[in-house]
Amino acid sequence: MLTLIWLLPMIAAVVLMLMPKEQLRLIKGISIGTAFITLVISIIAYFKYDVVQGGFQFVETFSWIPALGISYKLGADGITVPMLLLTGLIIFAGTLMSSTLEDFREKEFFVLLLVLVAGVYGVFVALDLFLLLVFYELAVLPMYILIAVWGSTRKEYSAMKLTLYLLGGSAFSLVGIIAMYWAGGKHTFDMVQLATANFSREFQVFFFLPIFVGFSVLAGLWPFHTWSPDGHVAAPTAVSMLHAGVLMKLGAYAALRVGVFLLPQGAQVWLPWIVLLTVVNVVYGAFVAMSQRDMKYMVGFSSVSHMGLVTMGIATMNSIGMSGAVYQMFSHGVMTGLMFAVVGQIYKRAHTRDMPSLGGLLQKTPWMGIAFIICALTSMGLPGFSGFIAEFQIFVGTWSAYPILAAIAALGIIITAAYLLRVVYQVFFGSLKVEFEHLTDSKPIERLAMGLLVAALIIFGLLPTTMVNMINSGVAPVIARLTTGS
Amino acid sequence: MDIAILLLPEIILTIFALIVLGYDLIWPGRKAVLVTLTLVAVGLAAIGAIYTWGTNKTIMADTISIDDYGVLFKLAGLAATAMVVLLGMSYIPEGRRTQDAKRRLLAISRQGEFYAIMLFAAVSIMFLVSANSLVLIYLSIEFLSIASYILVGYLRDDSLSTEAAIKYFLYGSVTAAAMVYGMSFLYGVSGSVDLPTIAKVIAGTLPSPESLRGIVMPAVVLILAGFGFKVAMAPFHQWSPDAYEGAPTPVTAFISVAPKVGGFAVLYRTLIVALPYFHSDWGGTIAILAVLSMSLGNLVALTERNIKRMLAYSSIAQAGYILIGIAAYSQMGISSTLFYVMVYTLTNIGAFAVAIVISNALGSDSIADFAGLSQRNPSLALLMLFFLLSLAGIPPLAGFFGKFFLFTAALEQNLTWLVFVAVINSVLSLYYYLMIVKVMYVDPPESTVPLETPRPLAVAMGISAIAILVLGIFPTPLINLITTAAAALMQVSS
């Protein structure tokens, strides 16, 4: 089942590549259909996952390159399954949003998008570190062409910056991963087996940093975050959605799974320092977001700030903080995807993202307006939306681990509320300008995409128990390793 | 087994080279026949080489070692030759397109020499990769060099080509002289030119082989100058950008891979078989040269705007990566080196094939001419994307696994610093490889006329693309063969 989830988009990409580019409707149909099937698979996985049993389920494995102890091994645990669901939601909404694409070279766009999606799913389900790296780079590289061809605002610069930062980060992780192969004496890249290896303390302390920071570059860790707002802004809507919604989570996921889980003693030494960076992420990101005029930059920096909360949650090294971090990954993914969807629609219609020059859009575009307001409320952490569940847990966790930092980081929440309320006011309320009289609201297909994401935000805000339990079952082994220290 | 059978590849190639020469003399200008003869020769030689798989013995007064390590390198060299022949079939020399019919005729009328020399170069590689004595090493390196000089200067009325050949020749002569000088040191120490005997004498030196370090290490450095010239590694690389640029593009493809196959094979064999005692010393030297080669190649490549020069610097950098496997003196080091050399050979020839299509159609080697290739010929752009990404080491292409393998070998020997330098370099190299991707996919084309791909080139590119994809995803069968070969060689060493 897990093979299917990454293989289907890959097959679809190859099929699209062989199709004549004039058959636009069919191309879009296949893309949306594939995205929908993967969403269904992820929903099935969500309901079939046995929380009581925990651990890795749906495992598939066979030997791949025995000379180097590499195997093709897939599996999903309580952390993976919510991520799969998130990817499914975002990619389905993303392809729906792109179906209104009337640009040029649509065929290539969808081919690359599907390859990207295959890579993203692959990273989440890979249990072999080599396989994980393969998928990781497969997920990053199509970004380059997607942004450089279909993007806007300094697209070539941003695309190159993004690719070099991300692949640079993963290159450092790669060294650490190969080092683990030898150091544990296990001669394997299988995560489950590596978890039973005895890495010396010196080894863990030395290699935790390249692995964790290397992957965290993709999670937007300060000061390696600068690719992210540039990349988000330059990318076309569906790519921004996937990118901020899912791709950044790959970084946090890999940092947690490979860094913290496999090298717990290294984590204990370094995370109390890394948490300082994450606080900078949260507060600085929020301040910079506040000073933006460009709506997309604003969302981009708000992503940096919120992803800071994710890494902060991981850095608490306690159960509630980490569980909150994973919940935040899901919640922020959906929310930010939705935000970019709205911004993309506004830009397509109004041809500007300059917030002071917009205004009163709620009168003309109520669907977009309401969707954005719900995002803003989620983002501020209001009860009733998924963001509350996530941020509440993160702050409880941080408070017990680093009380002073929790207080400082809380500042970020206040600023977030300030800039989001300002955006909502500037863009959607106030008087409508003459040049925007003609604006039309979302098309039905876009409404479907937004509705889906809004529904997810509300459902997982009101009924968090299932997912929280699932995440707890996934986080428990990590915490167990951190407390026993081996 | 009979010596003649063990030397079948060399014999077949030589006979066919003479046949090609003679045939062209009697019936000039029949390209199809010449190409067929050449490809048949290479194919038969490959069969001959495969036939000797698993032999592992030395012949001809121990000057030639027929072993699995050599067989694999022979196959790589033959594959390179065959593909370059395909490349040469469709190449139209620059400045010599339709407007200058007389000159073009000249180029065509000397086809026989071209294919014959290619075959001779292949013969020299066969000897080089199985050479077991310093004398044969020197002879076959010179043989290969002379064949390469002629090929580089093949467009004899093109000043760039002639200049490239002269430059190549001058550098080659000097480094060859240095190499012979270094070899004389080893002979002085051991009284033998036979690689295993040198190792034995060094190991048996009293009171301790340590006393020889002062002679052996300078000898290693001097010999490395000769080998380094062949594989175009820094600091012996200066000839390569000019020679690459001036040579006819198929020849550029050839000298970017074939001498590397031969050079790395003999470099590793010499160090491992003759000088295992000093492995930590030469290992350090090689590691430093690797850093130099990678960093210099990648940094300069960033600024190049000509595809041939850019690929020249890129191949200097690639030589640096391969040296990592040599610095890691181990069985896995040998395996990963072999694997990477093979992958690099296939990939680089593919990239040059794309360059030939472009230069045939547009008459220049400027990277700017790749503009809008994704619209003018989507499959060509996709192939180039594969080759570039494989060179950059992006999965699932073979270049990624190749680098992963090299790094794994290096980390086994705790060369962590070297691997960090290498990954930083990989990121650097990504910049210029992606710049070409950008030009192909983002920049608008100058015209929308589709570009035609000549069939032989399409075959060559198709083979390399499929090979790097398959080797990237299912490397296990090849790794099993390579491991056998590496184990045999490692046994000789210890």
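In which loop of chain A is the place of A:Pro223? The residue falls between α8 (201-216) and α9 (227-234) of chain A, helices being DSSP runs of H or I with at least four residues and strands runs of E with at least two, numbered from the N terminus. The model is predicted, so local features need pLDDT of at least 70 and side-chain atom pairs count only at pLDDT 80 or more, while totals for chains, interfaces and linings use all residues. Residues are numbered from 1 along each chain as its sequence is written, chains are lettered from A and ligands numbered from 1 in the order in which they are written, and side-chain values use heavy atoms, with hydrogens and water left out.

Chain A has 19 helices and two strands. Its C-alpha atoms fill a box of roughly 70 × 55 × 40 Å along the principal axes. Buried residues (under 20% relative accessible area, 1.4 Å probe, protein chains only; exposed is over 50%, partly exposed in between) make up 68% of the 486 residues in chain A.

Most residues other than glycine have a negative phi, and most peptide bonds are trans. A cis peptide bond with omega of about 5 degrees joins A:Trp222 and A:Pro223. In chain B, a cis peptide bond joins B:Ala234 and B:Pro235, with omega of about 0 degrees, and B:Pro235 lies in the loop between α10 (213-231) and α11 (239-246). B:Ala232 has its place in the loop between α10 and α11 of chain B; its phi is near 55 degrees, a positive value, and at 1% relative accessibility B:Ala232 counts as buried.
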